[in-house]
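Good morning. I will take the ligand and its surroundings, then a pair of strands, then an annotation. Please look at the structure while I talk.

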Amino acid sequence: MKIVAIVGSLRKDSYNKQLAATIQERNMIKFDMEILDLSVLPFYNQDEENNPSEAVIVFKKKVKEADGVIIVTPEYNWSIPGVLKNALDWLSRVDKVLIGKPVMTAGAATGLAGTLRAQLHIRQILTAMQVKLLPPAGNEILVSQAAAKFAEGKLADEATNKTVDEIVDRFVQFISE
Ligand SMILES: Cc1cc2nc3c(=O)[nH]c(=O)nc-3n(C[C@H](O)[C@H](O)[C@H](O)COP(=O)(O)O)c2cc1C
């Protein structure tokens with residue numbers, strides 16, 4: 001099974017990148033996961049959507065070929081970061097590679113809400129894009145107070161890791177349904 005992760009933070013030491021890397025490492029036996037680089041994508045421009053740059057072509061191809069997509073995102077100003085919205089806008093046009101694609105979302109934040117408001121916004125966006133979204137009830141990965149839960153480049157909080165493992169297992173099941 002091939003999974004791609006789309007991470008909404010470009011920051012080198014991003015907690016969300018670390019969360020994606022932790023999911024990748026803990027599920028190596030279950031699926032092959034690639035964390036895609038959003039920093040190479042230009043700003044979406046409708047004038048270019050039928051003849052986009054190589055970076056956009058490669059990004060869309062990887063998403064198209066994946067069995068499922070895990071979006072891991074911080075919350076910026078109660079919503080999702082612009083880099084993530086930009087990536088989703090590219091994916092939503094021309095060949096529309098996310099239509100019907102199994103998708104789950106997760107997020108880590110330094111505050112108490114753990115990206116809850118960003119998760120609500122992304123659900124709205126993904127509904128417009130007609131993805132096959134893992135039902136959020138019981139499947140929310142909201143990592144709050146991230147500074148205390150990550151160490152040495154990984155999610156180090158065992159209780160949180162257990163929850164994340166269970167939800168990722170349900171996503172794997174959901175992909176094959
Ligand atoms: C521009 C900006 C806006 C932010 N807005 C929020 C917010 O609305 N809610 C929240 O919980 N944290 C917010 N934060 C704090 C992030 O949770 C924190 O910076 C987190 O580490 C970002 O994720 P990352 O580590 O993956 O880069 C904001 C941070 C930045 C840089």
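Around the ligand there are 13 residues, where near means having a heavy atom within 4 Å. The closest are S9, R11, S14, N16 and E75. This is a predicted model, in which local features need pLDDT of at least 70, side-chain atom pairs count only at pLDDT 80 or more, and totals for chains, interfaces and linings use all residues. Residues are numbered from 1 along each chain as its sequence is written, and side-chain values use heavy atoms, with hydrogens and water left out.

The shell consists of five nonpolar, five polar and three charged residues; Gly counts as polar here.

Now the polar contacts, meaning pairs of N or O atoms within 3.5 Å. R11 has a polar side-chain atom 2.8 Å from a ligand oxygen. For N16, a side-chain N or O atom is also 2.8 Å from an oxygen atom of the ligand. T110 uses its backbone: an N or O atom there lies 3.2 Å from a ligand oxygen. The ligand alone exposes 610 Å², and the protein buries 73% of that (Shrake-Rupley method, 1.4 Å probe).

Next, the strands, which are DSSP runs of E with at least two residues. Strand β1, residues 2-7, runs parallel to strand β2, residues 32-36, and five bridges join them; pairing requires at least two. I3 in this pairing stands opposite M33 of β2. Between β1 and β2 the chain passes through helix α1, residues 15-26, in a right-handed β-α-β crossover. Right-handed means that, with the strands pointing away from the viewer, the path from the first strand over the helix to the second runs clockwise.

Methods: Polar contact = N/O pair within 3.5 Å; in protein donor to acceptor, adjacent residues only side chain to side chain. Helix = DSSP H or I, 4+ residues; strand = E, 2+ residues; numbered from the N terminus.
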